[in-house]
Amino acid sequence: MDYLQFFSSDYVTARDQFHSVVEAEGYHYESHSINQQGPVGEDLAIAVAIREFGKDPQSALVVSSGLHGVEGFLGSAVQLALLKDQLRLTSQLNGVRLVLIHALNPYGFAWRRRWNEDGVDLNRNFLLPREDYHGSPEAYSKLDSFFNPPSPPSRLEPFLLKALGLIARYGINSLKDTLPVGQYDFPKGLFFGGTAASKTQQILEADLARWLGGVRDVLHIDFHTGLGRRGSYKLLINKPEPGFLQRSRQQFGSQIVIDSSAENMVYRVRGSFADWCQAVFPHYRYDFITVEFGTYPVLQVVKALRNENRAYWWGKSGEQYEWTKRQLLEVFAPTSSIWRERCVQQGLQVIRGAYSAWTNL
């Protein structure tokens with residue numbers, strides 16, 4: 001299979017391809033607008049495709065993409081590749097309700113941002129009902145002037161030297177436990193979790209249970225990029241049951257990550273999508289896997305995030321900052337054909353392997 005064909009050049013192309021394929025294959029299709037427009041005036045929406053394999057399914061397999069906007073290019077490609085392999089789907093998913101959620105953050109996907117229309121990191125926005133949208137890691141205010149300077153980005157800034165100085169001063173573990181975990185006090189800063197439930201969260205709260213139907217068990221696989229070794233993946237299983245964990249380790253070995261203290265690549269966040277799904281829908285046995293595909297070294301990823309965010313908030317009127325968009329797109333969806341082929345192929349393997357481990361408990 002030519003996996004490169006599943007990568008889209010932009011949100012509109014990805015959305016239209018997804019719609020075309022699911023319609024041709026007889027899926028139930030829904031589109032949920034977030035009441036925002038894209039670069040060419042298109043309506044931005046979360047698309048959902050649902051199909052039951054067999055009668056009265058008791059299990060649901062959910063595959064979601066684009067929670068972090070620009071990361072959706074790979075997730076969308078994996079979903080399209082999965083849809084194209086209907087023969088294998090039909091044989092493997094008998095008795096399963098398949099739910100595909102395309103572009104959870106359509107604004108970020110369309111405008112090539114990691115954040116949504118309010119500058120919010122959606123994987124920090126899913127706070128539980130008892131939690132408040134305020135507070136930040138203790139050291140975040142000390143780092144804010146570096147990571148979120150109120151000025152336009154510059155290609156000439158010696159970012160790497162400054163970042164290495166910051167690491168020497170605070171230590172890499174301190175920075176890891178401060179910057180990416182989620183903050184609610186700096187609205188224009190990186191990893192801002194918002195002040196209230198996002199439109200995406202509202203849509204999911206209203207409709208996810210209906211999409212799942214009358215099943216008892218749910219396996220949810222959510223695709224991300226930008227974290228880890230280039231061209232490889234890690235599976236972050238949220239609160240796994242012992243049997244599922246054991247089977248997953250047999251299937252994937254060292255690619256499984258559970259405890260955030262186990263590997264430097266992982267950090268524990270507030271307001272995660274995984275925690276929310278498992279807490280808000282306790283009547284399901286809800287197993288959640290976050291798939292992270294590595295792209296570039298972490299400092300290069302942070303540099304791209306910082307540049308694009310500065311251009312968004314502080315770019316001077318009339319000046320072009322397209323280079324920050326291209327930089328961001330490259331670190332989350334590399335143009336390398338080798339990376340793209342490999343990651344789509346691995347994405348399909350993850351879905352099949354995880355589903356196999358999950359159903360053989």
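Me: How many of the residues lining the second largest pocket are nonpolar, how many polar and how many charged?

Reply: The lining of the second largest pocket divides into seven nonpolar, two polar and five charged residues, where Ala, Val, Leu, Ile, Met, Phe, Trp, Tyr, Cys and Pro count as nonpolar, Asp, Glu, Lys and Arg as charged, and the others, Gly among them, as polar. This is a predicted model, in which local features need pLDDT of at least 70 and side-chain atom pairs count only at pLDDT 80 or more, while totals for chains, interfaces and linings use all residues. Residues are numbered from 1 along each chain as its sequence is written, and side-chain values use heavy atoms, with hydrogens and water left out.

Me: Which residues lie nearest the centre of that second largest pocket, and which helices supply at least two residues of its lining?

Reply: Of the 14 lining residues, Trp111, Glu308, Tyr312, Glu322 and Lys325 lie nearest the centre of the second largest pocket, and α4 (106-111), α11 (298-314) and α12 (322-332) each supply at least two residues of its lining. The space in this pocket is about 240 Å³.

Me: What do α11 and α12 look like as a packed pair?

Reply: The axes of α11 and α12 are 9 Å apart and meet at an angle of about 145°, and the crossing of α11 with α12 is left-handed. Among the residues in this contact are Glu308 and Ala311 of α11, together with Lys325 and Leu328 of α12. By class, the contact of α11 with α12 has eight nonpolar, four polar and three charged residues.

Me: Why is α8 called roughly parallel to α10?

Reply: Helix α8 (residues 199-212) packs against helix α10 (residues 273-280) at an angle of about 30°, with the axes 12 Å apart. Angles under 35 degrees count as roughly parallel, over 145 as roughly antiparallel, 65 to 115 as roughly perpendicular and the rest as oblique, and therefore α8 is roughly parallel to α10. The crossing of these two helices, α8 and α10, is right-handed. Gln201, Leu204, Glu205 and Leu208 of α8 meet Phe273, Trp276 and Cys277 of α10, a contact of five nonpolar residues, one polar and one charged.

Me: What lines the largest cavity?

Reply: The lining of the largest cavity consists of Leu61, Leu82, Asp85, Arg88, Leu89, Gln92, Leu93, Ile351, Arg352 and Tyr355, and the elements giving two or more of these residues are α3 (86-92) and α13 (337-359). Six residues of this lining are nonpolar, one is polar and three are charged. The volume of the largest cavity is about 70 Å³.

Conventions: Axes are lines fitted to C-alpha atoms, for helices over the stretch in contact, and angles run from 0 to 180 degrees between N-to-C directions. Helices (H or I, at least four residues) and strands (E, at least two) are DSSP runs, numbered from the N terminus. A crossing is left-handed if the near helix is turned anticlockwise from the far one by less than a right angle, and right-handed if clockwise. Contact means heavy atoms within 4.5 Å. On a 1 Å grid over the protein atoms alone, a cavity is a set of points where a 1.4 Å probe fits but cannot get out, and a pocket is an open set with protein on both sides within 12 Å along at least five of seven lines; lining residues have an atom within 4 Å of a point. Grid points are joined across faces, edges and corners, and a volume is the space filled by probe spheres set on the points.
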